Amino acid sequence: MTKSVQDQTLAIAGVFQSALLVDELARQGQISPTDLEIAVSSIFNTAPQSAIDIYSGEVSNLRQGLNGIRALLSRDTKGLPQDVVRYAMGIMHIEGKVRENKALLNKLSEGIERSRGQKEYFDNLIHDSVIGSLANTYIDTISTLSFRIQVTGNPTLLQDERIASRIRTLLLAGIRSAFLWHQSGGHRWHFLFRRGLILRTARQIQTQGLQ
């Protein structure tokens, strides 16, 4: 795994894509099954050959996330809801807490492996049993931290257990991307001192593809 700005940009786009999907699901009650599949697939891809492998090898699979970081870094406040920024920053914060807690990280890995068994049994990435297993892993690990991400949206939708499970799974996918950000050499200060470089890289990825 390289530590390039391109990899860091893909990773942070993954974080923002998860945040955007959480917001969409919380407010509208549904998202594209393909977007959900890409998110779930990223959780199970624990040994990628490259950063883009985590997102099924296609830049187009990160379209929403790349648009999101472009809106953030170009200060286009109308193009990115504040709740999405809050979710993304919360995901990054949680990833740091999990990475520092070896016991919690091991428990998270074990839970993902159990969910992988569900995926193989049903041969369906987004089967309710797979999503439910991942959501339970989130509850047993991430939800035990003192810091929690408060998701806002339609109260009726948020009380629906099926939707709640998908939201937890998307947050878990966001944490997976945040791990990739760290593995690729990303740091918090990059948002201050590399804003222009990350923004240019995001634009380049979308217009010219991977270099």
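Trainee: Does Arg-116 count as buried or exposed?

Mentor: This is a predicted model, in which local features need pLDDT of at least 70, side-chain atom pairs count only at pLDDT 80 or more, and totals for chains, interfaces and linings use all residues. Residues are numbered from 1 along each chain as its sequence is written, and side-chain values use heavy atoms, with hydrogens and water left out. Buried means under 20% relative accessible area, exposed over 50%, and partly exposed in between (1.4 Å probe, protein chains only). Arg-116 has a relative accessibility of 17%, so Arg-116 counts as buried.

Trainee: Which residue forms a salt bridge with Arg-116?

Mentor: A salt bridge is a side-chain nitrogen of Lys or Arg within 4 Å of a carboxyl oxygen of Asp or Glu. The closest N and O atoms of this pair are 3.0 Å apart, and the partner of Arg-116 is Glu-113.

Trainee: In which helix do Arg-99 and Glu-95 lie?

Mentor: Helices (H or I, at least four residues) are DSSP runs, numbered from the N terminus. The side chains of Arg-99 and Glu-95 meet in a salt bridge at 2.7 Å, N to O. Four residues apart, about one turn, both lie in helix H4.

Trainee: How many residues apart in sequence are the parts that Arg-162 and Asp-128 tie together?

Mentor: The side chains of Arg-162 and Asp-128 meet in a salt bridge, 3.2 Å from N to O. Arg-162 lies in helix H8 (residues 161–183) and Asp-128 in helix H6 (residues 128–140), so the separation of these parts in sequence is 34 residues.

Trainee: How many salt bridges does this rule count?

Mentor: Some share partners, joining Asp-23, Arg-27, Asp-83 and Arg-86 into one network. The count of salt bridges comes to eight.

Notes
Helices (H or I, at least four residues) and strands (E, at least two) are DSSP runs, numbered from the N terminus.
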